[in-house]
Amino acid sequence: MRDAANLSPDVTFAGFLRSRAEALLNDDYYASDIAWLDLQNPKIDLILAPYESYLDDVLGVKTSYEAGF
């Protein structure tokens, strides 16, 4: 995603990609969610995040992640 951000001519979308790449590493999606809201007419609808965000009662992990566009 960082490489894609470097190739994007859309500065705002590139910022979102960098923010979401960081979020996937640190499991904190707030900043990248806000960056997504700041986009003006995005050409790609990109979803890379936890899909089911409630915690598993046994292992304490996220239920699932989704990737799609």
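Trainee: What does the secondary structure of the protein come to?

Mentor: Three helices and two strands. Bear in mind that this is a predicted model.

Trainee: And what pattern does the protein follow along the sequence?

Mentor: It reads α-α-α-β-β.

Trainee: How much of the protein is buried?

Mentor: Buried residues make up 25% of the 69 residues.

Trainee: Which residues form the largest nonpolar core?

Mentor: There are nine: Ala5, Phe13, Ala14, Phe16, Leu17, Ala35, Leu39, Leu46 and Leu48. In soluble globular proteins, nonpolar side chains tend to be buried together.

Trainee: Which helix gives the most to this core?

Mentor: Helix H2, residues 11-26. Four of the core residues come from H2.

Trainee: Let's stay with H2. How do the axes of H2 and H3 cross?

Mentor: At roughly 160 degrees, and they come within 8 Å. H3 covers residues 30-37.

Trainee: Parallel or antiparallel, then?

Mentor: Roughly antiparallel, because the angle is over 145 degrees.

Trainee: Is the crossing of H2 and H3 left-handed or right-handed?

Mentor: The crossing is left-handed.

Trainee: Which residues meet there?

Mentor: On the H2 side, Phe13, Phe16, Ser19, Arg20 and Ala23. On the H3 side, Ala31, Ser32, Asp33, Ala35 and Trp36. By class, that contact has six nonpolar, two polar and two charged residues.

Trainee: Tell me about phenylalanine 16. Buried or exposed?

Mentor: Buried. Its relative accessible area is 2%, so phenylalanine 16 falls under the 20% cut-off. Phenylalanine 16 sits in helix H2 and is one of the nine core residues.

Trainee: What does phenylalanine 16 touch, beyond residues up to four places away in sequence?

Mentor: Ser32, Ala35, Trp36, Leu39 and Leu46. Among them, Ala35, Leu39 and Leu46 also belong to the largest nonpolar core.

Trainee: And how far is phenylalanine 16 from alanine 5?

Mentor: 8.2 Å, C-alpha to C-alpha. In sequence, phenylalanine 16 and alanine 5 are eleven residues apart.

Trainee: Now the H3 side. Is serine 32 buried or exposed?

Mentor: Serine 32 is buried, with a relative accessible area of 1%. It lies in helix H3.

Trainee: What is serine 32 in contact with, leaving aside neighbours within four places in sequence?

Mentor: Phe16, Ser19, Arg20 and Ala23. These residues are also in the H2 part of the contact between H2 and H3.

Trainee: How far apart are the C-alpha atoms of serine 32 and glycine 15?

Mentor: They are separated by 8.6 Å. Along the chain, serine 32 and glycine 15 are 17 residues apart.

Trainee: Change of topic. What is phi of aspartate 27?

Mentor: Near 60 degrees, a positive value in a residue other than glycine. Most residues other than glycine have a negative phi.

Trainee: Where is aspartate 27?

Mentor: In the loop between H2 and H3. Aspartate 27 is partly exposed, at 39% relative accessible area.

Trainee: Buried or exposed?

Mentor: Exposed. Asparagine 41 has 71% relative accessibility, so it is over the 50% cut-off.

Trainee: Last one. What share of contacts comes from residues 24 or more positions apart?

Mentor: 22% of the contacts with a separation of 6 or more.

Terms used
Residues numbered from 1 in each chain as written. Predicted model: local features only at pLDDT ≥ 70, side-chain atom pairs only at ≥ 80, totals over all residues. Heavy atoms only, no water. Core = buried A, V, L, I, M, F, W, Y, C linked by side-chain atoms within 4.5 Å. Buried < 20%, exposed > 50% of the residue type's maximum accessible area, 1.4 Å probe, protein only. Axes fitted to C-alpha atoms, helices over the stretch in contact; angles between N-to-C directions. Parallel < 35°, antiparallel > 145°, perpendicular 65-115°, else oblique. Left-handed = near helix turned anticlockwise from the far one by under 90°. Contact = heavy atoms within 4.5 Å. Nonpolar A, V, L, I, M, F, W, Y, C, P; charged D, E, K, R; others polar.
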